[in-house]
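Reader: Take me through this model, please. For each label, I want the value and the cut-off behind it.

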Amino acid sequence: MKSVENAQPATCHHAVIFPLRRPQIALILLIASYVIVFFLLAKRAFDVFGGDSGEIGAVDNMMWWTSHGYPYRISFAGDLSNLAFHADFFSMALAPVYAIFPSPYTMIFLQSLGLGLAAVPVYLIVRHLWQDEAAAVLMAAAFLFLPSIVSGNLNQLHFITYAPVLLLFTAYFFVTRQFRKFIILALLACSVRENVALGIGMFGIWAWTERREWKWRLTPILGGAAYFLAATQLVIPWALHGHPWHLGKYFSYLGTAPVEIATTAITHPGLVIHHLLSGPNIQYFIFLVQPIAWLLPFGHPAALLALPDLAGNLLSDNDGLKVIGWHYQFMTSTGLFIGALCTMQRLLSRLQARPEWKGCAFLVAAGLAALCMSHWVFWWQPQTYRRLPQHAALVRALDVVGPDKSVIVPDRLKGHVSQRVHYDGINRFPTQTAYASQFEYVILDANERRYPPVITREFFDAFRTNLMYRIVFAEENVFVFQRLGSESDWHVQPVGLGP
Amino acid sequence: MTVKKISEFVWTNRSKAERCLVFIISVYVLIGFGLGKRCFDVFGHDSGDMAAFEQMMWHSSHGRLFHVTGMLVMGQHKPMNMLAIHSSFFWIFLMPFYVVVPGMGTLIFLQSAALGLAAVPMYLIARWVVRDEWAAVLLATAFILMPPIVSQHVNQVEEPSFLPVLLLFVVYFFLQHKFRPFLVMALVSCLNRENVPLAIAMFGLWALIERRHWKWVIAPMALGAAYFTLVIYVIMPYFRQDQPWHVTRQYAHLGDGALGIVTNLFAQPQLLVAQLFNFENLHYLIFLVQPMGWILPLVNPAAVIALPDLAANMLSSNSALRVIPWHYNLITGAALFVSLILTLRKVSDWLQQRGAGQRCAQVIGAVFVVLSLAHWFLWLQPQVYHRLPRHDALERAITVVPPEKSVVVPIRLIGHVAARESVSELMAFQNRPRYAAMFEYIIVDANERQYGPPITQDFFDKFYRNPTYQMVFAEENVFVFHRLGPPPDWSSFPIE
């Protein structure tokens, strides 16, 4: 409850060594424990094959190729690089760390670190706006435990998880009116993914509502728009080599091309409204805003930062974008959280002027932190951390395949075989048999019930009774088949984007 | 009491905060009743318990107190009186309302009203504890929005829903040191169900911790123990007529009878520990205390009132007792919330000593309203308010059966046909086929996928190809069969 003006350095021994106040020490402890705990949880889930590791494999594989001199290359996308999916230039900033410690664990740790460090700008913003350091630490904790943020630690690997820390620093420099730093951080944030630029553009509208100088209004709007156009009209199409962008499929009820989507949306507004008010959209929206007290974010124009991604998620007919625990909410929840902080600042500035309301910022922050933490059901899945009964067999099966050999594996194992030239998921067999048949090894887990393909007798016999394959490992319904014959020339490329 | 006096008592003589509470309770009761009624009207879910209570009220209003025919309990081989299952004498107080306006709507409304009125004693408790009217209004609102409480509007009709308002008055008089009203309310609370006296006995323990005068220690313990012994060992066995009590089965894994369980407590404590700390129990406990700030309700002696029910729920092999929106958490929810309020007083005092303003209690109250509301996903299931595709066919099927005839129906429908002499659910054909075969009408909904029995071709053909049954209705896979032959002789209950 100490206001910033009254705040004194801590009298404990630490204060002699570090010139830190108690709230700052608490913040550091919070971040450190958060990063360690969630890194260990994510590592555990990965180690026990707790779920699909396709995205872990994709990131690890791209970084592996990058450290071998092929930036953005990914094994499973044929002639397409990762830039064909997303303009995530920020990933290259992580490449030096990966080059020193080449492992998926490095990326898992960096991801948790990136999410944990987002507490710093939240703390700075709240301290600046609410003038209460203890409340600032609690709000930092609230942000870290927002379901859509904390789930980022445990939902495989995605570069977009670095957006919150950069966007929040951008917002901090915006509210403290430090223009140059704002621009630098905005540019850095844009480099994470193409959609971040649209969020950055919203700072211009926010500045407009505050009637700031023209540079605050025009630079984010023009800069954001320019960056977005450059990324989506130049970089990604260049990397796509004429293939369609996968996002085109996300609005299928409106069309496939951007112009067609926009035209249909304008000429058939009923279609859009009907879609917006559908059950999944309403549920998604409620679950998204509930941990930030429902309407609280919308009392301030800062919530506009969430608007582009929120509109995209709501308008899309891809229900994956509406899953709170997946990686589509980093812009929406960060923007809405900033909106909530600013709205609360307006309310608190009125209340705290009266002595009988003194100290209520701390209680509000404690309440919001409790609210965010109470939504653990959205991201905590205990079964993900339990060893599978066939765990030891899966580990031994992986050991059978040489590190330089091409291999096709179940989804759970992808992240464990991604540091090689050729690897892919076993689901390629039913869909792209000619491509899948080029791999030298096939790992098959007949215990799998969650991820496709279904291991039927016919599917199993496609290898067991096939003279082109010989079984080299068979334990607890886990099998490794080795393809006989010469090295593949890889003349058949995978069709379609995505792991 | 004239209307004017009532209006003065409820509204005119009230402060702004209290008027706000009256408004909140009114809206809460109306919405809760609306949701409960809608769910019932659209056959949204199982209405078995509703049917049991409506049938009991119907029989009682026809001179057969607490009589039911529709209750089917494992091991039962004779028709049971409701008092054989739960010692819920409290229903007597509701009978006048049912006699005046008979129907399920009356019971649903009375339940919603009781849940809403629980905000009154909670407000009085909070006002006395935190000394802030608006904070008390917020905390009372948070209480009635807590998942174990608010969920009862939409979880059929059950007698524990009428308990919080009574139990909280017991707490209020306990806190006020008003001994006689405390004892009177404690006794009235005991009439609700056989487990309530155990909670009442805990007031003695609370008084002991607070080092109150001996009468506060002895009286609730003696009352609770005596009442509990009377109903468990005298009244309920009398009505069960040597049939087993379904509750004892839920603790069989801990020992043979009460003595066996107590013996095992010392001889095999690992049995108890393993049961208490299993994953399901932890999950239940977290969801129970989470809307109250996790550990906050556990650090005040008032939490001991929740202890008997909490222990019973956590030690039972019946996982239904750990379902937050069902009717097993009204004592735990109410007691833990009282404990929370008493803890908040200390928190509020601590904050004010450190310079916080006097109105901080209101912020705390608001925080708990938000926390309670945010847990709506534990009890609100939108699909139970949607009309089923075959809704009209189900309604027409019900009208085919004359009101005085005995009927076996799917469990969704049983609440709609309960106001009659004999009714049972379709599962009776699996559990007690000879008993079920006595009924004159059978309604079969072959669209049903959620509740048993599965309507297989074989099951359907039991009636369709049976010459003793005549199909009298068939629409949208909903069928009514009429048993031919003489009316049933209910005096000969078949042993199966």
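## Domains, sheets and contacts

Author: In chain B, the centres of domain 1 and domain 2, taken over C-alpha atoms, are 35 Å apart. This is a predicted model: local features need pLDDT of at least 70, side-chain atom pairs count only at pLDDT 80 or more, and totals for chains, interfaces and linings use all residues. Residues are numbered from 1 along each chain as its sequence is written, and chains are lettered from A and ligands numbered from 1 in the order in which they are written.

Reader: What gives the bounds of domain 1 and domain 2 of chain B?

Author: The domain assignment does: domain 1 covers 13–383 and domain 2 covers 391–483. Such bounds come from an automatic or database domain assignment.

Reader: How many residues of domain 1 of chain B are in contact with domain 2 of chain B?

Author: 17 residues of domain 1 of chain B are in contact with 16 residues of domain 2 of chain B. Contact requires C-beta atoms, placed from the backbone, to lie within 7 Å. Helix H3 (residues 48–61) of chain B gives the most to the domain 1 side, with 6 residues. Helices are DSSP runs of H or I with at least four residues, strands are E runs with at least two, and both are numbered from the N terminus.

Reader: What is the make-up of that domain 1 side, by nonpolar, polar and charged residues?

Author: The domain 1 side has 9 nonpolar, 6 polar and 2 charged residues. Ala, Val, Leu, Ile, Met, Phe, Trp, Tyr, Cys and Pro count as nonpolar, Asp, Glu, Lys and Arg as charged, and the others, Gly among them, as polar.

Reader: Why is strand E3 of chain B called largely enclosed?

Author: 5 of the 5 residues of E3(B) (residues 441–445) are buried, so the strand is largely enclosed by the rest of the structure. Buried means 20 or more other C-beta atoms within 10 Å of the residue's own; 12 or fewer means exposed, and in between is partly exposed, with C-beta atoms placed from the backbone. Both faces of E3(B) are covered. Tyr441(B), Ile443(B) and Asp445(B) are buried on one side, and Ile442(B) and Val444(B) on the other.

Reader: Why does Gln352(B) count as partly exposed?

Author: Gln352(B) has 15 C-beta neighbours inside 10 Å, so the count falls in the partly exposed range. This residue sits in helix H18 (residues 330–353) of chain B. Its C-alpha atom is 26 Å from that of Ala119(B), 233 residues apart along the chain.

Reader: How do you know that E3(B) and strand E5 of chain B pair?

Author: E3(B) and E5(B) (residues 478–483) share 5 bridges in the antiparallel sense. Pairing needs at least two DSSP bridges, so these strands pair. Asp445(B) stands opposite Val478(B) there. Strand E1 (residues 407–409) of chain B runs parallel to E3(B), joined by 2 bridges. Val408(B) has Ile442(B) as its bridge partner.

Reader: What is the order of the strands in the chain B sheet?

Author: The order is E2-E1-E3-E5-E4, in an open sheet of 5 strands with mixed pairing.

Reader: What makes strand E2 and strand E4 of chain B the edge strands?

Author: E2 (423–425) and E4 (469–475) of chain B each pair on one side only. The twist averages 20° from one strand to the next. E4(B) runs antiparallel to E5(B) over 6 bridges. One pair is Ala474(B) with Phe479(B). Helix H23 (residues 457–464) of chain B packs on the sheet, touching E3, E4 and E5 of chain B.

Reader: Why is helix H11 of chain A called oblique to helix H16 of chain A?

Author: The axes of H11(A) (residues 196–209) and H16(A) (residues 307–315) come within 7 Å and cross at roughly 130°. That makes H11(A) oblique to H16(A). Under 35 degrees counts as roughly parallel, over 145 as roughly antiparallel, 65 to 115 as roughly perpendicular, and the rest as oblique. Axes are lines fitted to C-alpha atoms, for helices over the stretch in contact, and angles run from 0 to 180 degrees between N-to-C directions.

Reader: Which residues of H11(A) and H16(A) meet?

Author: Leu198(A), Gly199(A) and Met202(A) in H11(A) meet Leu307(A), Pro308(A) and Asp309(A) in H16(A). By class, that contact has 4 nonpolar, 1 polar and 1 charged.

Reader: How many residues does the contact take from chain B and from chain A?

Author: 16 residues come from chain B and 15 residues from chain A. Helix H19 (residues 360–374) of chain B gives the largest share of the chain B side, 7 residues. The chain B side has 9 nonpolar, 5 polar and 2 charged residues.

Note on methods:
Contact = placed C-beta atoms within 7 Å.
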